[in-house]
Amino acid sequence: IFVLATIKQFSTKLPLILISSCVAVVMFAFLAFAQTDKLIAEYNVDRYIDGTLDNVDIDMLKDLGDASIPSMVRLLEYWSEEYGYDYTIYLSDEYRANYSPSYETELYKYQSLCRVLKNISARRKHTFWNYTLPRDEADKALSKIGLTAIAKKAEGNAQ
């Protein structure tokens, strides 16, 4: 817009307001559809899986919202394959930890990720008014690991 204002000084027929409005709409649309939270989550999980990142911050991923859930599910599946953990055990309602593993162990991180995903799933409410594309992708990722049934059961108990 600064460049357009400079050009307007020399060309009086330039429709500055119209062009500035179009630029603003295009920039806002780019900002609205960029899904930066998804990009951040994918980047961190990809680097961790590739081995170029030593640790992944689950709390940070959780704070990114619905856009990060597919990446968290992918991380859960990666840890399941890598370490032989069965997430269905940790996600079940019957699971209660008999011991708390050390903070820095992979099992602790795995259990923490399972707990975060389970809590997210249990708090989800589905209405027409809170539908978004990132939320739809998150619901598909959660149902892939069997957490949709837990969320619907919790909704049924609340009613």
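Helices (H or I, at least four residues) and strands (E, at least two) are DSSP runs, numbered from the N terminus. The model on screen is predicted, with local features needing pLDDT of at least 70, side-chain atom pairs counting only at pLDDT 80 or more, and totals for chains, interfaces and linings using all residues. Residues are numbered from 1 along each chain as its sequence is written, and side-chain values use heavy atoms, with hydrogens and water left out.

Select Arg-135 to begin, in helix H8 (residues 133-144). Arg-135 has a relative accessible area of 12% and is therefore buried (under 20%, whereas exposed means over 50% and partly exposed lies in between, with a 1.4 Å probe and protein chains only). Show next the residues that Arg-135 touches beyond four places away in sequence, namely Asp-66, Arg-124, Lys-125, His-126 and Asn-130, where contact means heavy atoms within 4.5 Å. A polar atom of the Arg-135 side chain lies 2.8 Å from the backbone oxygen of Lys-125.

Turn now to the aromatic rings. Rings of Phe, Tyr and Trp (its six-membered ring) pair if their centres lie within 6.5 Å, and planes under 30 degrees apart count as stacked, over 60 as edge-to-face and the rest as tilted; the count comes to six aromatic pairs. Select Tyr-85 and Tyr-110, whose ring centres are 4.7 Å apart with planes at 45 degrees, so this pair is tilted. Tyr-85 sits in the loop between helix H5 (69-83) and helix H6 (87-91), and Tyr-110, 25 residues apart from it, in helix H7 (residues 106-123). Tyr-110 is buried, at 0% relative accessibility.

Key
A polar contact is a pair of N or O atoms within 3.5 Å; within protein, one must be able to donate a hydrogen and the other to accept it, and residues adjacent in sequence count only if both atoms are side-chain atoms.
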